[in-house]
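Visitor: Hey, I've got a structure open here and could use a hand finding my way around. Can we go through it together?

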Amino acid sequence: MDNVITKSKDVTLLEILDRVLDKGVVISGDIVISLADVDLIYVGLKVLISSVETMERLRGAPFAGGQEEPN
Amino acid sequence: MQAAKRSRISRMGIYTYAIIDSNSKISSSINGLGGAVVYNIPYRNIGIVVSESEHVQDIAQEHILKHEEVVEKLMEDFTVLPMRFHTLFNREKDALLMMKEYCGDFRENLDRLRNKKEFGVRVIWPGDIKRNRIIDAYKKSNASAAMPDSSSVKSFVKEKFEEYKIDKEFEEEADKYIALIDNFFSRWACEKKIEKLKSENLLLNAFYLVEKEKEEDFKEAFERARDICICGDLKYLFSGPWPPYNFISLTKKTLHQRLSEADMFGRISPEQNLLDKGML
């Protein structure tokens with residue numbers, strides 16, 4: 001992995017965590033309701049290794065606490 | 001044995017990495033979480049890049065880095081919308097239903113973000129020292145104009161007002177620095193996101209979306225900013241190029257948003273209802 005990420009960047013793990021755990025396409029729970037057939041499982045919020053700020057923000061998010069348990 | 005096998009199968013899912021602007025097969029060989037082969041599931045003229053994965057993986061630093069590695073490899077050949085870490089579906093069919101649901105949003109974002117990359121600029125300042133200076137200045141001016149005041153209510157109000165003035169002055173000073181720094185970097189960016197004073201010493205956490213042909217200019221600009229040290233006693237942290245994590249904007253409303261717009265009895269407005277049914 002190293003080649004891709006660290007070669008040309010002044011990257012810290014925090015920078016990666018802040019993006020990968022907290023940003024990008026976030027599909028939230030409404031899809032479970034709006035499309036009855038879809039069984040969306042999102043467990044990311046339960047398992048964070050993250051900055052305190054990220055954790056605090058995610059606690060307020062719709063899926064905080066992990067409503068969906070993995071089967 | 002059969003039961004054990006069934007249980008193992010039921011734990012498998014589809015782990016998603018990114019939406020890409022292609023419905024073709026991925027030509028390069030990429031391995032994702034657990035070494036599984038990464039592949040594209042086409043939907044119309046776009047695709048969602050996935051690999052088979054256990055629903056429950058040990059969540060470790062290496063998995064987070066692997067997710068990012070896959071997205072960055074995809075970024076070499078495609079425009080990407082990275083998925084948030086650990087977004088899983090049970091079956092491909094579910095991922096495709098999600099694509100159907102969000103297809104318009106994904107296309108709009110892919111078009112807007114084509115040939116653009118994200119850069120991060122964090123600026124650290126001695127905020128604690130700055131604030132103490134402001135407080136000292138207030139103390140001095142108050143000492144010279146000290147009036148004995150026995151009313152505790154008055155002194156409480158006065159104290160709160162002073163705290164407010166100190167906060168305001170602190171923020172005004174931060175704004176001046178931020179304006180200078182942001183003006184400098186904005187010249188090379190087509191979009192930006194600015195977070196101010198996320199903590200006392202983190203003056204600025206900024207994200208700039210930069211066109212590919214301006215990428216080198218932006219890097220040089222950062223070097224120059226660091227060398228000439230815009231605004232003196234600041235420390236600059238630079239990162240990028242990144243996939244555009246901070247510039248994805250989905251307009252389709254989430255349940256959370258819809259509920260927050262509902263009235264006190266939980267009723268969603270008729271307009272919203274029609275909108276949900278695709279009639280507006």
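This is a predicted model: local features need pLDDT of at least 70, side-chain atom pairs count only at pLDDT 80 or more; totals for chains, interfaces and linings use all residues.

Visitor: Okay, chain A first. How many helices and strands are there in chain A?
Guide: Chain A has 4 helices and 1 strand. Going along the sequence, the pattern reads α-α-α-β-α.

Visitor: And what percentage of chain A is buried?
Guide: Of the 71 residues in chain A, 30% are buried.

Visitor: Is helix H2 of chain A mostly covered or mostly uncovered?
Guide: Mostly covered: H2, residues 13–20 of chain A, has 6 of its 8 residues buried. Those are Glu15(A), Ile16(A), Leu17(A), Asp18(A), Arg19(A) and Val20(A).

Visitor: Now the insides. Which residues touch the most other members of the largest nonpolar core?
Guide: That core has 31 residues, and the ones touching the most other members are Tyr17(B), Ala18(B), Ile19(B), Ile20(B), Val49(B), Leu74(B) and Leu81(B). Elements giving two or more residues to this core include strand E1 (12–20), strand E3 (46–54) and helix H3 (92–113) of chain B. H3(B) gives the most, with 7 residues.

Visitor: Why would nonpolar side chains be buried together?
Guide: In soluble globular proteins, they just tend to be.

Visitor: What does Ile19(B) touch?
Guide: Leaving out residues up to four places away in sequence, Ile19(B) touches Val25(A), Ile46(B), Ile48(B), Leu81(B) and Phe106(B). There's also another core lying apart from the largest one, with 18 residues, among them Ile178(B), Ile181(B), Phe185(B) and Ala189(B).

Visitor: On to sheets. In what order do the 4 strands of the open sheet in chain B come?
Guide: The order is E7-E8-E6-E9, and the pairing is antiparallel.

Visitor: Why is one side of E7 and of E9 left without a neighbour?
Guide: Strands E7 (191–196) and E9 (235–242) of chain B stand at the edges and each has a single partner strand, so one side of each has no neighbour in the sheet. From one strand to the next, the twist averages 15°.

Visitor: How many bridges join E7(B) to E8?
Guide: 6 bridges join E7(B) to strand E8 (residues 202–211) of chain B. Lys193(B), for instance, has Phe207(B) in E8(B) as its bridge partner.

Visitor: What does helix H5 of chain B lie across?
Guide: H5 (residues 152–186) lies across strand E6 (116–124), E7 and E8 of chain B, running at about 15° to E8(B).

Visitor: Last one: where is Gly35(B), and is Gly35(B) buried or exposed?
Guide: Gly35(B) is in the loop between E1 and strand E2 (39–43) of chain B. With 8 other C-beta atoms within 10 Å, Gly35(B) is exposed, because 12 or fewer counts as exposed.

Visitor: How far is Gly35(B) from Glu215(B)?
Guide: Their C-alpha atoms are separated by 32 Å, and Gly35(B) and Glu215(B) are 180 residues apart along the chain.

Conventions: Residues are numbered from 1 along each chain as its sequence is written. Chains are lettered from A and ligands numbered from 1 in the order in which they are written. A residue is buried if 20 or more other C-beta atoms lie within 10 Å of its own, exposed if 12 or fewer, and partly exposed in between; C-beta atoms are placed from the backbone. A nonpolar core is a set of buried Ala, Val, Leu, Ile, Met, Phe, Trp, Tyr and Cys residues joined through C-beta atoms within 7 Å. Two residues are in contact if their C-beta atoms, placed from the backbone, lie within 7 Å. Two strands pair if DSSP finds at least two bridges between them. Axes are lines fitted to C-alpha atoms, for helices over the stretch in contact, and angles run from 0 to 180 degrees between N-to-C directions.
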